[in-house]
Structures are given as structure tokens and as C-alpha cells.
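Please open the structure in your viewer and keep the selection tool ready. The tour below goes from one selection to the next and says what is there.

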Amino acid sequence: MTTGYITHPDFLKHEMGSHHPECPERIQAINDQLIRSGIDVFLHHLDAPLASEEQLELVHSPDHIAFVKEQAPESGYAMLDGDTIMNPFTWTAALRASGAAIAGVDAVMKGEVENVFCAIRPPGHHAEPTRSMGFCLFDNVAIAARYAMEAYGIDRVAIIDFDVHHGNGTEAAFFNDPNVLMCSFFQHPFYPYSGLDHANNMVNVPLPAATRGDVVRSIVDERWMPALRNFEPQLIIISAGFDAHREDDLGQMGLVEEDYAWITRRLKEIANEYAQGRIVSCLEGGYNLSALGRSVVAHVKALADI
């Protein structure tokens with residue numbers, strides 16, 4: 001079985017101004033590092049399709065979807081909040097970001113690939129059912145999880161979020177939902193200042209600034225792995241943010257590439273035990289271009305057993 005790689009040129013067209021860290025160069029940095037590493041040729045390449053508005057409604061309210069669509073400018077920029085901005089190409093990019101996650105579910109559920117990485121933007125895990133925030137318009141992983149349940153009858157989806165920021169949108173979509181287990185660590189106190197509310201299906205671990213990989217690995221072993229084995233997921237979806245890297249200026253944690261590879265290998269153990277190897281990983285954060293590209297290569301190598 002192979003590892004899929006889903007992206008699209010439209011992700012390069014969405015931009016929020018020259019000052020903005022969530023920039024088109026992020027996708028190019030990933031593509032360049034995959035080619036430079038030599039693993040690009042081993043991946044099964046797929047184009048990201050457009051999600052339908054009906055698919056967005058699996059998680060988001062019709063009013064929210066209509067609001068975002070109406071805000072899309074014909075030229076220039078439109079601000080959804082202080083740091084979430086649309087240009088004329090953002091609406092299409094957002095549809096393709098969610099569409100990529102959905103296509104990833106289709107690919108693993110149909111056995112076309114064992115697992116898949118979606119190099120997408122805008123990211124999604126801060127987007128709540130009724131609002132966009134934190135660079136995110138729609139919650140790509142939440143939509144993919146709900147799609148897997150609706151289209152394929154999956155009863156248990158595990159969502160793993162290792163971004164430096166808590167995935168408040170994903171938590172809001174599935175809080176106390178018995179069909180979803182969410183495991184995450186995140187820097188705290190830190191944007192979006194959430195993740196501390198107790199829910200039976202949330203294994204959220206707040207961590208102080210400067211936390212290094214050895215602590216994170218202990219948390220994965222001691223908190224995530226027992227919960228995942230108890231849950232027995234039929235599908236794993238990853239919010240793959242790489243801004244907990246020690247070189248990333250948008251966070252203050254201390255992970256390195258090998259930490260991401262190690263986490264990925266541990267998640268593959270769970271996927272192989274319970275989910276027929278099925279993993280759909282979707283890009284979230286990661287803003288130091290060099291660290292982002294290197295970290296994605298480490299993550300994809302682990303997914304592909306290279």
C-alpha cells in the first residue's frame with residue numbers, strides 16, 4: 001500500500017497580505033522539501049477537489065457558510081476577524097481544503113492508499129461551527145470525520161491534533177460526542193485560550209512554553225495511547241500542525257523533526273491495530289518555512305515507512 005499526497009495549485013492563490021505568516025510559500029516549501037528528499041516519487045499524487053456546501057454543512061451552519069461566501073471580495077481583501085482575511089481566491093481554496101480532507105477519507109476507505117497527507121490551506125482547526133477564526137474558515141478535519149461517519153458508516157473516529165494551538169473548532173464540533181475521540185497537546189496559556197473544559201471524549205493536554213519532545217513523547221505514551229487503545233478507532237484523522245517546532249516563531253515549544261516522526265509512528269501502531277492502517281493527515285500550522293518543510297518530510301516518511 002502507498003501513501004497519498006493531496007494538494008492543488010489553488011492553495012497558492014489564497015493569501016492574506018505580505019505580512020501574514022499563513023502564506024502561500026508554506027505549500028511551496030513542503031513541495032520543495034518532498035522533492036529534495038527524494039520521497040516525492042514514492043507518493044500517490046491526487047488533486048484536491050472542491051467540497052460542496054452540503055458537505056460543509058456536516059459541521060458548519062448554513063448561515064456561517066453563507067456569510068463566508070458573501071464576504072469573498074472581487075478584488076482586494078475582506079477581513080473575517082483580526083487575522084483571518086479573504087482575497088478573491090480564498091473561497092475556492094477553502095472549498096478545496098475541505099475537499100482534500102474528504103478525498104483523503106475516500107482514498108483510504110476505498111483502499112486506494114493506506115494513508116494520506118493533505119498539503120492544504122487555509123487551515124481549519126480553529127473554525128467553529130458558526131464562525132471563522134485563527135486563519136481558519138472551515139474545519140477540514142471535522143468535516144472529514146463527519147463525512148467518514150455519514151458516507152462509510154464509521155462509528156469511531158480518532159482525531160489527533162499536535163498543533164501548538166488548541167483545536168477549539170474541532171472540540172466545539174465534537175464535544176462529548178461518543179463517536180469521536182480527540183487527543184491533543186498544545187501550549188498553554190496561549191491562543192485561543194481553550195481546551196481546559198472536561199469532556200469524556202477529549203484527551204487535551206495543556207503544556208507550558210519551552211516544553212521539549214521528551215515530555216511530549218511521555219504524554220503520547222501515558223495519555224494518548226491508552227485512550228486510543230480503549231477507543232479502538234476505525235479511522236485516524238490528524239490535525240498536523242508543525243508550529244510546536246523549536247524554530248517556529250508563532251509558538252514557544254521545543255519539538256524537532258524526529259519528534260513528529262516518532263508521534264506518527266506511534267499513531268501508525270494504533271491505525272494498524274484497529275483501523276486497517278487508515279490515516280488522513282491534514283496540514284494545520286507551521287510557519288517557519290524550513291522547519292515546516294523538514295517536519296512534513298519526517299511526518300510523510302513515517303506515514304510511508306520510508
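Select Ser-295 to begin: this residue is buried, with a relative accessible area of 0%. Buried means under 20% relative accessible area, exposed means over 50%, and partly exposed lies in between, with a 1.4 Å probe and protein chains only. The model is predicted, so local features need pLDDT of at least 70 and side-chain atom pairs count only at pLDDT 80 or more, while totals for chains, interfaces and linings use all residues. Residues are numbered from 1 along each chain as its sequence is written, and side-chain values use heavy atoms, with hydrogens and water left out.

Ser-295 sits in helix α9, residues 289-304. Helices (H or I, at least four residues) and strands (E, at least two) are DSSP runs, numbered from the N terminus. Now show what surrounds Ser-295: beyond its neighbours within four places in sequence, it is in contact (heavy atoms within 4.5 Å) with Phe-242, His-245, Glu-257 and Tyr-260. His-245 is 50 residues from Ser-295 along the chain, and their C-alpha atoms are separated by 8.3 Å.

Is Arg-212 buried or exposed? Arg-212 is exposed, with a relative accessible area of 53%. Not counting residues up to four places away in sequence, Arg-212 touches Gly-254 and Leu-255. Draw a distance from Arg-212 to Val-280: the two are 68 residues apart in sequence and 26 Å apart in space, C-alpha to C-alpha.

Now select the loop between β7 (180-187) and β8, where Pro-189 lies. Most residues other than glycine have a negative phi, and most peptide bonds are trans. The peptide bond from His-188 to Pro-189 is cis, with omega near 0 degrees. Pro-192 also lies in the loop between β7 and β8, and a cis peptide bond with omega of about 5 degrees joins Tyr-191 to Pro-192. Tyr-193, in the loop between β7 and β8, has a positive phi near 60 degrees and is not a glycine. Tyr-193 is exposed, at 60% relative accessible area.

Move to Glu-232, in the loop between α7 and β9 (235-240). Glu-232 has a positive phi of about 55 degrees although it is not a glycine, and it is partly exposed, with a relative accessible area of 38%.

Keep Phe-117 selected: leaving out residues up to four places away in sequence, it touches a set of residues including Gly-4, Phe-242, Leu-283 and Leu-303.

Last, colour residues 20-303, where UniProt places the feature "domain: Histone deacetylase" in an unreviewed entry. UniProt positions are given in the numbering used here, feature names are shortened, and annotations may be inferred rather than shown by experiment. Over residues 20-303 the chain is 42% helix and 16% strand, and the end C-alpha atoms are 30 Å apart.
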